[in-house]
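The sequence and the model come next.

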Amino acid sequence: MKATSGQRAKAKGASNTLIVLLSVFLLATILLALLTFIHVSQRDAYDEQYLLRASEQRILSQRIAKYALAAAQGDQDSFALLQHSRDQFEGVLEELKTGSQADGLPPAPPEVGDELSDLESSWRKLRANADQVLANQETILSVDNLITVVAELIPQLQEFSDEVVRILVRKQAPQSQVYIATNQLMLAQRIEANVAKVLAGGDTTATAIDQFSQDAERFGRILEGMLRGDAELNVAQIVDSEAEGKLREAAMLFGSVADHAQEIIETAPEVIP
């Protein structure tokens, strides 16, 4: 009996020890699972913040492109909006690189290091264009004012040219003179169309300035030829006093157009990225 009681006590002690060990193991498992859950939840929260910042950058990049184009075309309000969007994008990029202490967000994980580096490289190129537009704000707005003046003068120049054509037709001038006078109307229309494209940027600006420059020069030479004659251009002098009077009015007006045109031609290529 005594041996049996001892065996029972020993078995009970072993059982209690096993229960304690199992309880400790279970508690450790639960604690580990809890820590894992907390870590995963925290990582998910971080990922959500990273995604929010990436989405914000996508929106900001679209705004930067929009405001940069509008600012380069002379929209004064777009300069402030461009600067604000540029600074916002820079701030979000810095948070992805170094984290955000205010939000308790660590730097982006190493797994996206290459993508983040590519993003930063592309951003530097875009920012360079945005910075150029902002740095040239005063000059861009000045060119825009010049363009506005030219755009306002061209319809008056067209009106004078049209009156010259009417006078020549009414007085049965040679067809060659009527043709040349009519061609001036076409040149004036092209000048008006191309001057409106000068601040478009890129190849459009280059093409517009080139065509605008050529047409303005030709218009001036033909106008001078109609007043004084130009054998090289095969333009005969118009001797009708009424037509000559309109031509001189047109010449005075074109002098202002030519002055503004020269400023546009010299300045615009330097400020438009």
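Angles over 145 degrees count as roughly antiparallel, those under 35 as roughly parallel, 65 to 115 as roughly perpendicular and the rest as oblique. The model is predicted: local features need pLDDT of at least 70, side-chain atom pairs count only at pLDDT 80 or more, and totals for chains, interfaces and linings use all residues. Residues are numbered from 1 along each chain as its sequence is written, and side-chain values use heavy atoms, with hydrogens and water left out.

Two packed helices are described by the angle between their axes and the distance between the axes. The axes are lines fitted to C-alpha atoms over the stretch in contact, and angles run from 0 to 180 degrees between N-to-C directions. Helices are DSSP runs (H or I, at least four residues) numbered from the N terminus.

| Helix pair | Angle | Axis distance |
|---|---|---|
| H2 (residues 77–98) and H3 (residues 113–135) | about 160° | 11 Å |
| H5 (residues 175–195) and H6 (residues 202–228) | about 150° | 9 Å |

H5 and H6 are therefore roughly antiparallel to each other. Their crossing is left-handed, a term for a near helix turned anticlockwise from the far one by less than a right angle.

Phe89 and Leu93 of H2 and Trp123 and Arg127 of H3 are among the residues that make the contact.

Ser78 lies in helix H2. It is buried (under 20% relative accessible area), at 4%. Its side chain makes a polar contact with the side chain of Asp75 at 2.8 Å; such a contact is a pair of N or O atoms within 3.5 Å, one able to donate a hydrogen and the other to accept it. Leaving aside neighbours within four places in sequence, Ser78 touches Tyr67, Ala70 and Ala71.

Thr182 belongs to helix H5. With a relative accessible area of 37%, Thr182 is partly exposed, that is, between the buried limit and the exposed one of over 50%. The side chain of Thr182 reaches the backbone oxygen of Val178 at 2.7 Å.

Key: Helix = DSSP H or I, 4+ residues; strand = E, 2+ residues; numbered from the N terminus. Contact = heavy atoms within 4.5 Å. Buried < 20%, exposed > 50% of the residue type's maximum accessible area, 1.4 Å probe, protein only.
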